[in-house]
Amino acid sequence: MNTVVKAAAAYLIVLFVIRLIGRRTASQQAPIDMVVLFLFGGLSVSAILGDDHSFTGAMSALFTVGLMHVSVSWLKLRFVWFERIVDGTPIVVYRDGDWDETNMRRLRMQQADVRTAARQQGLDDLAKVAVAIVERDGKVSVIEKS
Amino acid sequence: MEVIHDDPPMPVEIANGFYPAFEQRWRWAEMAGRFAMLGFVLICAAGLLGHGPFSERALSNGDGSISIRYEPVVRFGAPTIIKFDTKVPPGGDRVAVTIAKDLVDQFGLESITPRPATWEAAGSGIRLVFPVQAGESHALIRFTGSPVFRGGVNLTARLDAGETLSWSQYAVP
């Protein structure tokens with residue numbers, strides 16, 4: 001019972017902490033982002049299982065986390081407000097030559113991230129970009145000028 | 001269950017910058033959450049939830065026969081120490097401390113330094129006798145344990161001829 005409660009609590013806490021520290025960490029694979037995710041995983045395991053090295057304990061935690069994931073996914077489907085809280089909404093950071101510095105600062109997003117996304121789309125000039133959007137998963141979408 | 005919501009067309013969403021009102025409110029929640037995390041980290045770093053520079057308290061009984069240093073707030077399953085400073089009776093070569101049974105059961109007692117010469121049941125407590133070098137006026141005893149309780153527990157200790165010292169410890173998960 002104890003392991004189940006701790007696993008459920010840890011799932012919710014880790015979910016919201018990742019959300020609170022910003023979507024960059026959830027999507028980028030730079031070393032500073034990977035450090036956070038690896039440490040979150042390791043710390044959570046020791047907090048949930050502690051000295052319980054049994055197979056039963058590990059499986060109960062694993063099933064709890066799986067069921068929490070299903071529940072949160074269902075709530076996201078059911079309630080749009082919940083989906084926005086858990087996943088956020090897309091954010092425009094560049095439009096027709098103008099950077100939205102406020103949004104960039106809040107997202108800790110750099111110009112280089114947008115330039116990279118443009119290049120990955122085959123564009124060699126930001127002048128060809130109509131809008132750059134930071135998606136809910138932290139990736140940058142670039143929409144080309146028509 | 002309805003899974004298709006009446007979101008505006010995509011060009012309208014992009015023109016509006018999606019949902020800036022929600023993101024503005026989320027920004028406030030994000031800042032509140034970050035300050036809450038910072039506050040929790042500072043509280044932990046200070047030791048207000050155990051294991052820190054301000055985590056220890058000192059307490060003595062009325063006649064000064066026992067003084068302890070302990071952590072009022074401890075962490076479940078994490079090691080903690082209670083240091084006893086006991087007065088040795090004049091001319092005595094031993095000191096006997098009677099501790100509450102909870103100190104063994106709930107406190108998860110792991111070691112006592114120095115090791116007691118004898119242990120014996122004494123009513124609802126346990127009486128421990130420690131040999132002391134002749135001439136010493138104080139004996140320092142360390143109880144090390146890892147709490148196995150959550151919430152509060154009241155503990156007591158007393159010398160054979162002394163007042164009872166009571167203190168409480170609270171274990172956080």
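Please keep in mind that the model you are looking at is predicted.

**Backbone features in chain A**
- You will find Asp96(A) in the loop between strand E1 (91-95) and strand E2 (98-99) of chain A.
- As background, most residues other than glycine have a negative phi.

**Backbone features in chain B**
- His51(B) is not a glycine either, yet its phi is positive, at about 55°.
- To locate His51(B), look in the loop that runs between helix H2 (20-46) and strand E1 (57-60) of chain B.
- His51(B) has 15 C-beta neighbours inside 10 Å, so it counts as partly exposed.
- The peptide bond from Thr113(B) to Pro114(B) is cis, and its omega is near -5°.
- Pro114(B) belongs to the loop between strand E6 (109-113) and strand E7 (118-122) of chain B.
- For context, most peptide bonds are trans.

**Where the chains touch**
- Chain A brings 13 residues into contact with 15 residues of chain B.
- On the side of chain A that touches chain B, helix H4 (55-78), helix H5 (80-87) and strand E1 (91-95) each supply at least two residues.
- Sorted by class, that side of chain A has seven nonpolar residues, along with three polar and three charged ones.

Technical notes:
Residues numbered from 1 in each chain as written. Chains lettered and ligands numbered in written order. Predicted model: local features only at pLDDT ≥ 70, side-chain atom pairs only at ≥ 80, totals over all residues. Contact = placed C-beta atoms within 7 Å. Helix = DSSP H or I, 4+ residues; strand = E, 2+ residues; numbered from the N terminus. Nonpolar A, V, L, I, M, F, W, Y, C, P; charged D, E, K, R; others polar. Buried ≥ 20, exposed ≤ 12 C-beta atoms within 10 Å, placed from the backbone.
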